[in-house]
Amino acid sequence: MKKGNGQGKIPPAEKGGSVREFLGHRKFVLLALAIAAGLTLLTGLGFLDGIDRAASDAWYQTPRAFDGDIVLVGIDQQAIQELGPYNQWGREIMATALEYLNQSEACRPAVICLDVLYSGRSNPQADKRLAEAAGVYGNVVTACTASYENGFVEEEPGEFGRDRFAVRDLETPYAELTEKAVLGHINAMIDTDGILRHHLLSITLPGGEEIPSMALAAAERFRSFHGLPPVERPPADRHGFWYVPFCGRPGDLWESISIADLLSGSISPDYFAGKIVFIGPYAPALQDSYFTSIDHAMPMYGVEYQANAVQALLWGDYRREVGDRPQRLLLFLILLLALAAFWKRSVRFSTVVWLLTAGGWFGLCTVLYRRGIVLHLLWVPMGVTVLYVGCLAFNYINAALERRKITNTFQRYVAPEIVRELLKEGEALELGGRQAEIAVLFVDVRGFTPMSELLEPRQVVEILNRYLTLISDCILNNHGTLDKFVGDAAMAFWGAPLPQEDYVMKAVRAAMDMAEGAVALSRELQERYGRTVSFGIGVHVGPAVVGNIGSRRRMDYTAIGDTVNTAARLEANAPGGTVYISRAVADALEGRIRTTSLGDTVKLKGKKEGFEVLTLDAIVSEKKS
């Protein structure tokens, strides 16, 4: 054999292995990229929107304490019962309420917001009175609403794009009230799932005029009234929407006062001094309510929604929703890492990674929300969960297939029941061995070499396969482990890989079955080919090392030691049609077999004088006495 030149060149076989390994990794990387990309793209198809929004609302939106600077005056069921149906109210009722609240400089509210749209003219005298009451201190914000259409806007010089929020028309109060009061729009724009999460900060009219929301107008005038800096505008998207962190659920925020009690004078005007007062519908029949992100089950009245937005504006407590694109990129990277962590890993390891990833994401979302950043709550946990379950299923199926492959392969060497027990015990096919007391059998076909020189190769192979089939059947039918075939010889052992009851008898039974089966097979071959052969068999019992012997790339499950060598020597000296056993075998089966002692007349290579060899003549009893 030529020695290497010392230049570190890789042999061709190793190069091929490296290429195959690289290709294997490349396939995995491509598969991982495809899976991660596919799951990421699902977020853009809207499949997760409903559950993600609902979970995010439940996770992020929690009630909090409020300042008490906002008072709700409701057009409620009590007022309808006392004053009659709302659609029959004259505008003088609202004028009376404004006059009561603004009766003096000392007790006037900072802002009075009329969450009622007074468009068109009614009774001239009532219209005039309402407008005059609104203009006493200039602290009244009255409602207006915009209607939208799909239009085109100039996004870049000379480039136009479609805008779903192009203002088509603005519905305002009648002229006198519009002149005396401040306009604030009350457009409530719900999301596609019917939930109100955002607030439209302002409306820009086609001429460029900006109409603030009622909440923004109220917050700005409240801060101005108290000599505070202007409201810091919240982070809004290009359409002017910003995420509302609700302070409370429907019905549990701020004190609600019936407008009937206000008109009766039972509430002192001093109570409203310097505060923000919202007057608006507060009864289910008036149909001014919405399901909001803080409570999907109970609708919130419009004045409550406005009050939530005002409170957030006064606090400057804003949240910025991270765009979907960067979140999808982050999701893609996390899914790639998760897939690498789950792929062909143990259930325990994968479960720990899954829990840490999902739990860590929930924790990160909570921390970032408190710092003003809103992330999709379920994108990462659901994506990682899909990968976790998918990889567990894949690993389970792969392990089952591998288990079947090992079982099918191992059953060629070991009896099926031993294979089942071995897999049940979880024996790993790793390098290493253990000491065991085993019975070893060697068998060789006598006269096969001369016969093979006279027959055609096809006939030689056929005869050899018939004999080897007989040998393997005898071994496996007696629950032995078929170690190996070496040409026309075979080795088997009992008592491993798992302990076996009466393993010595099983070995002896297999030897007798071989000897008896060889007689019938020899007769058949004599008739067909005019040639015959026989078996020489040796059986010994004793300690040996049993396990996977070899290298990581090539190993054999075998037995080594003096016991194995002795059995091989017995077989080598046994004449055709004879079974040689040792005194150890005869003693182990005393009274159950019939033997003939040859004393030390048979000299075994490597054995000292006095090693007794016996022939196995018959089995007297299969059962132990």
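Contact here means heavy atoms within 4.5 Å. The model in these views is predicted, with local features needing pLDDT of at least 70, side-chain atom pairs counting only at pLDDT 80 or more, and totals for chains, interfaces and linings using all residues. Residues are numbered from 1 along each chain as its sequence is written, and side-chain values use heavy atoms, leaving out hydrogens and water.

**View A. Residues of helix H7 meet residues of helix H9.** On the H7 side you will find Met 214, Ala 215, Leu 216, Ala 218, Ala 219, Phe 222 and Arg 223, and they meet Gln 306, Ala 309, Val 310, Leu 313 and Leu 314 of H9. Sorted by class, this contact has ten nonpolar, one polar and one charged residues (Ala, Val, Leu, Ile, Met, Phe, Trp, Tyr, Cys and Pro count as nonpolar, Asp, Glu, Lys and Arg as charged, and the others, Gly among them, as polar).

**View B. H7 (residues 214–225) and H9 (residues 302–315) pack at an angle of about 45°.** Their axes, lines fitted to C-alpha atoms over the stretch in contact, with angles running from 0 to 180 degrees between N-to-C directions, lie 9 Å apart. The two helices (DSSP runs of H or I, at least four residues, numbered from the N terminus, while strands are E runs of at least two) are therefore oblique to each other. Oblique covers whatever is left once angles under 35 degrees count as roughly parallel, over 145 as roughly antiparallel and 65 to 115 as roughly perpendicular.

**View C. Helix H2 gives the largest share of the lining of the largest pocket, six residues.** Other elements giving two or more residues to this lining include strand E4 (159–171) and helix H10 (324–342). The lining residues divide into 14 nonpolar, ten polar and 14 charged. A pocket is an open set of points on a 1 Å grid over the protein atoms alone, where a 1.4 Å probe fits, with protein on both sides within 12 Å along at least five of seven lines; lining residues have an atom within 4 Å of a point.
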